[in-house]
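Hi,

Here is the structure I promised to pass on.

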Amino acid sequence: LNTSFFGGGPSNTDDTIIYFRNIDTIDWIVRDSSTIRGRRDTVRKFRDPSAWYHIVAVFDSTNTTAADRMKLYINGVQETAFDTETNPAQNTDSVINSTSYTTYVGKGRDNGLLFDGYLADVHFIDGAALDATSFGETDANGVWVPIEYAGTDATVDFVAGSEGSVIGNMTETPGGLAAAFDGDRDQTGGGSGTGTSLPSAAAQG
């Protein structure tokens, strides 16, 4: 079963999506007019549905190094082995953070890829290409753990705490604050809801 935890765009041929594929990889696709402009589909498998994963996706199409325009970190380690790897052209725009389209957490563009699980401490950063150390660290036991984001060099559009607290302007269409990103408006479990949406932002990234 394919399940998306982040995405947005006007159609399934013009969108951005990050999701767990039904073959247990994490796949990140940036599409424009049916053409894949950028993609990272991991070689590594993620087969434990009960495991906690710390995921950081960095899109910086201004980077002069093509391979660094889409970076994916899992539990503090940058993924470098991909079954499919497509580098976006320099200065490529994605539909994420567009004033024209909604960005979703806990689903893709439509309701076909609802995320069935828990998402906590979700950050959306606009204005800086940060790596995983801005959001986590290795503890004394060698385990990667989340830390409080303390950066001031970017706009944090929303932060959802694992205790259900909500900071900022995170909203859910058709309305109402949401602290659980399980693809369901009731905030208690995955299922048939519409996911959580971010308001349109002022810039495209």
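The side chains of D15 and R31 come together in a salt bridge, with 2.8 Å from N to O. Keep in mind that this is a predicted model. The D15–R31 pair ties together distant parts of the chain: D15 sits in strand β2 and R31 in strand β3, 16 residues apart. As for how covered the two partners are, D15 is buried at a relative accessible area of 3%, while R31 is partly exposed at 21%. The cut-off for buried is under 20%, so R31 with its 21% does not count as buried.

In total the structure has seven salt bridges. Another one joins D27 and R39, whose closest N and O atoms are 2.7 Å apart. This pair also links distant parts of the chain, with D27 in strand β3 and R39 in strand β4 (residues 35-42), 12 residues apart. Here D27 is buried, at 0% relative accessibility, and R39 is buried too, at 15%. Both D27 and R39 belong to a network of salt bridges that also takes in R21 and D41.

Then there is D32 with R37, where the salt bridge is 3.6 Å from N to O. D32 is partly exposed at 29% relative accessibility, and R37 is partly exposed at 34%. As background, side chains of opposite charge can pair when their charged atoms come close.

**The cores**

Which residues touch the most other members of the largest nonpolar core? They are F5, F6, I18, F20, I26, W28 and L119, out of 17 residues in that core. The elements that each give two or more residues to this core are β1 (3-11), β2 (14-20), β3 (26-32), β6 (70-74) and β10 (122-126). Apart from this core lies another one, made of eight residues, including V58, L130, W144 and Y149. In general, nonpolar side chains tend to be buried together in soluble globular proteins.

Leaving aside residues up to four places away in sequence, F20 touches L1, N2, T3, F5, T25, I26, F46, Y53, I55 and F115.

**A three-stranded sheet**

β5, β6 and β7 form an open sheet in that order, with antiparallel pairing. The edges are β5 (55-59) and β7 (77-78); each has a single partner strand, so one side of each is left without a neighbour in the sheet. β6 and β7 run antiparallel and are joined by two bridges. If you want a spot to look at, I74 stands opposite V77 in β7.

**The chain as a whole**

How many helices and strands does the secondary structure of the chain come to? There are zero helices and 15 strands. The chain has 205 residues, and buried residues make up 41% of them. Among contacts in the chain with a separation of 6 or more, 54% are between residues 24 or more positions apart.

Cheers

How values were computed. Residues numbered from 1 in each chain as written. Predicted model: local features only at pLDDT ≥ 70, side-chain atom pairs only at ≥ 80, totals over all residues. Heavy atoms only, no water. Core = buried A, V, L, I, M, F, W, Y, C linked by side-chain atoms within 4.5 Å. Buried < 20%, exposed > 50% of the residue type's maximum accessible area, 1.4 Å probe, protein only. Helix = DSSP H or I, 4+ residues; strand = E, 2+ residues; numbered from the N terminus. Contact = heavy atoms within 4.5 Å. Salt bridge = Lys/Arg side-chain N within 4 Å of Asp/Glu carboxyl O. Pairing = 2+ DSSP bridges.
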